[in-house]
Amino acid sequence: MIFSLIVYAAPYSAEGSASALRFAESLVEQGHQLYRVFFYGDGVHNSNHLHSPPQDEINIPERWKLLAETHDIDLVVCIAASLRRGILDQKEATRYEKPAHNCESPFNISGLGQMIDASVQSDRVVTFG
């Protein structure tokens with residue numbers, strides 16, 4: 001079965017992101033295909049590579065990155081939500097003349113069309129937030 005996930009929760013403010021991550025890892029372990037994870041609203045904070053949680057806590061953004069790289073999963077960050085929250089990749093930082101960026105591969109900043117595409121391509125879309 002093909003799944004896509006929509007994550008509305010920031011990594012450390014609620015359980016939504018951690019639950020989505022555990023669900024995604026379980027899907028892959030059980031042999032399902034995870035087509036895309038779309039981060040929307042405060043969920044875009046999952047793409048911030050500057051998070052530095054204490055050593056005894058899970059690094060949720062790093063775990064998303066590892067999952068995506070290991071299983072070739074598309075991680076998409078909503079551009080409108082990310083710009084409002086100061087999440088920029090190199091392209092957007094240059095476009096808006098900002099001195100730095102905090103979103104790197106495998107996270108990709110894109111539009112809501114990617115969320116619609118995920119709905120069309122997937123058997124199930126599950127939201128967390």
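Figure 1. A search of the whole structure, which is a predicted model, finds zero disulfides. C78 takes part in no disulfide, and the nearest cysteine sulfur, that of C103, is 12 Å away. C103 is likewise in no disulfide, its nearest cysteine sulfur being that of C78 at 12 Å. A disulfide requires two cysteine sulfur atoms within 2.5 Å, and the sulfur of C78 is 12 Å from that of C103. C78 counts as buried because its relative accessibility is 3%, under the 20% cut-off. C103 also counts as buried, at 3% relative accessibility.

**Figure 2. The open sheet of five strands.** The strands of this sheet follow the order β4-β3-β2-β1-β5, and their pairing is parallel. The edge strands are β4, residues 107-110, and β5, residues 124-128, each of which pairs on one side only. On average, neighbouring strands of the sheet are turned by 25 degrees against each other, direction ignored. Strand β1, residues 2-7, pairs with β5 in the parallel sense over five bridges. Within this pairing, I6 has T127 of β5 as its bridge partner.

**Figure 3. Helix α1 against the sheet.** Helix α1 comprises residues 16-29 and packs on the sheet, where it touches β1, β2 (33-39) and β5. The direction of α1 makes about 170 degrees with that of β1. Together, β1, α1 and β2 make a right-handed β-α-β unit. The two strands of this unit, β1 and β2, pair in the parallel sense over six bridges. In this pair, V7 stands opposite F39 in β2.

Figure 4. Helix α2, residues 60-71, lies across β1, β2, β3 (74-78) and β4. The helix runs at about 135 degrees to β3. A right-handed β-α-β unit is made by β2, α2 and β3. Strands β2 and β3 run parallel and are joined by four bridges. F38 stands opposite V76 in β3.

Figure 5. In soluble globular proteins, nonpolar side chains tend to be buried together. The largest nonpolar core of the model has 31 residues, of which L5, L34, V37, F39, W64, I73 and L75 touch the most other members. At least two residues of this core come from each of β1, α1, β2, α2, β3 and β4. Helix α1 gives the most to the core, with six residues. Leaving aside neighbours within four places in sequence, V37 is in contact with L5, V7, W64, I73, D74, L75 and V76. Strand β2 is largely enclosed by the rest of the structure, because five of its seven residues are buried.

**Figure 6. S82 in helix α3.** S82 is found in helix α3, which spans residues 79-84. S82 has a relative accessible area of 0% and is therefore buried. Not counting residues up to four places away in sequence, S82 touches V44, V77, I87 and I109.

**Figure 7. Backbone features in two loops.** Most residues other than glycine have a negative phi, and most peptide bonds are trans. D72 has a positive phi of about 55 degrees although it is not a glycine. This residue is placed in the loop between α2 and β3. D72 is exposed, because its relative accessible area is 71%, over the 50% cut-off. E97, also a residue other than glycine, has a positive phi near 55 degrees. E97 lies in the loop between α4 and β4. With a relative accessible area of 73%, E97 is exposed. A cis peptide bond joins S105 and P106, with omega about 15 degrees. P106 has its place in the loop between α4 (90-95) and β4.

Technical notes:
Residues numbered from 1 in each chain as written. Predicted model: local features only at pLDDT ≥ 70, side-chain atom pairs only at ≥ 80, totals over all residues. Heavy atoms only, no water. Buried < 20%, exposed > 50% of the residue type's maximum accessible area, 1.4 Å probe, protein only. Contact = heavy atoms within 4.5 Å. Pairing = 2+ DSSP bridges. Axes fitted to C-alpha atoms, helices over the stretch in contact; angles between N-to-C directions. Core = buried A, V, L, I, M, F, W, Y, C linked by side-chain atoms within 4.5 Å. Right-handed = clockwise from strand over helix to strand, strands pointing away.
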